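Work through the exercises below with the sequence and the coordinates open. Each task is followed by a solution in steps.

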Amino acid sequence: MTGRPDLAEERDVAWEADADDSRIGIIPALPAKAPVYYRLPDTPEGHHIKEYASGLRQLVRFVGVEEQVVKYSLG
């Protein structure tokens, strides 16, 4: 070890700050929130309400491991 600080200019690997300027201003996509499944007292037997972060609600049921949408939009 030489005792000198390791400077970015002396490295082979580009740092993020040294990366391509064309990416400036691009915001990475945020991961979508997973929908929430729940039941209400009046939800039909064997069905669940699936609610997305956007507010869209669907009536779904499960056949084995497959999810089937019974009603696309609950109002």
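## Starting residue

Gln58 counts as buried at 5% relative accessibility, where buried means under 20% relative accessible area, exposed over 50% and partly exposed in between (1.4 Å probe, protein chains only). The model is a predicted one, in which local features need pLDDT of at least 70, side-chain atom pairs count only at pLDDT 80 or more, and totals for chains, interfaces and linings use all residues. Residues are numbered from 1 along each chain as its sequence is written, and side-chain values use heavy atoms, with hydrogens and water left out.

## Exercise 1: the surroundings of Gln58

Task: find the strand that holds Gln58 and list the residues that Gln58 touches.

Solution.
1. Gln58 lies in strand S3; helices (H or I, at least four residues) and strands (E, at least two) are DSSP runs, numbered from the N terminus.
2. Contact means heavy atoms within 4.5 Å.
3. Leaving out residues up to four places away in sequence, Gln58 touches His48, Ile49, Lys50, Tyr52, Val69, Lys71, Tyr72 and Leu74.

## Exercise 2: the sheet

Task: give the strand order of the sheet and the sense of its pairing, then identify the strands at the edges.

Solution.
1. Two strands pair if DSSP finds at least two bridges between them.
2. The four strands form an open sheet in the order S1-S2-S3-S4, and the pairing is antiparallel.
3. Strands S1 (36–38) and S4 (66–71) stand at the edges; each has a single partner strand, so one side of each is left without a neighbour in the sheet.
4. From one strand to the next the twist averages 40°, with axes taken as lines fitted to C-alpha atoms (for helices over the stretch in contact) and angles running from 0 to 180 degrees between N-to-C directions.

## Exercise 3: bridges and turns

Task: go through the pairs of strands, stating how many bridges join S1 to S2, S2 to S3 and S3 to S4.

Solution.
1. S1 and S2 run antiparallel and are joined by three bridges; here Tyr37 stands opposite Lys50 in S2.
2. S2 (residues 47–51) pairs with S3 in the antiparallel sense over five bridges. Opposite His48 stands Val60 in S3, and the bridge partner of Glu51 in S3 is Arg57.
3. S2 and S3 form a hairpin with five residues between them, and Gly55 in the turn has a positive phi of about 105°.
4. S3 (residues 57–63) and S4 run antiparallel, joined by five bridges. Leu59 has Lys71 as its bridge partner in S4, while Val63 stands opposite Glu66 in S4.
5. The hairpin of S3 and S4 has two residues between the strands, and Gly64 in its turn has a positive phi of about 70°.

## Exercise 4: side-chain pairs

Task: locate the aromatic pair and the salt bridge, and classify the residues by accessibility.

Solution.
1. Rings of Phe, Tyr and Trp (its six-membered ring) pair if their centres lie within 6.5 Å; planes under 30 degrees apart count as stacked, over 60 as edge-to-face and the rest as tilted.
2. A search of the whole structure gives one aromatic pair. Tyr37 and Phe62 form this tilted pair, at 5.9 Å centre to centre with 45° between the planes.
3. The pair links distant parts of the chain, Tyr37 being in strand S1 and Phe62 in strand S3, 25 residues apart.
4. Tyr37 is partly exposed at a relative accessible area of 36%, and Phe62 is partly exposed at 38%.
5. A salt bridge is a side-chain nitrogen of Lys or Arg within 4 Å of a carboxyl oxygen of Asp or Glu. By this rule the count is one.
6. Glu67 forms the salt bridge with Lys50, and the closest N and O atoms are 2.8 Å apart. Glu67 in strand S4 and Lys50 in strand S2 are 17 residues apart.
7. Glu67 is partly exposed at 26% relative accessible area, whereas Lys50 counts as buried at 9%.
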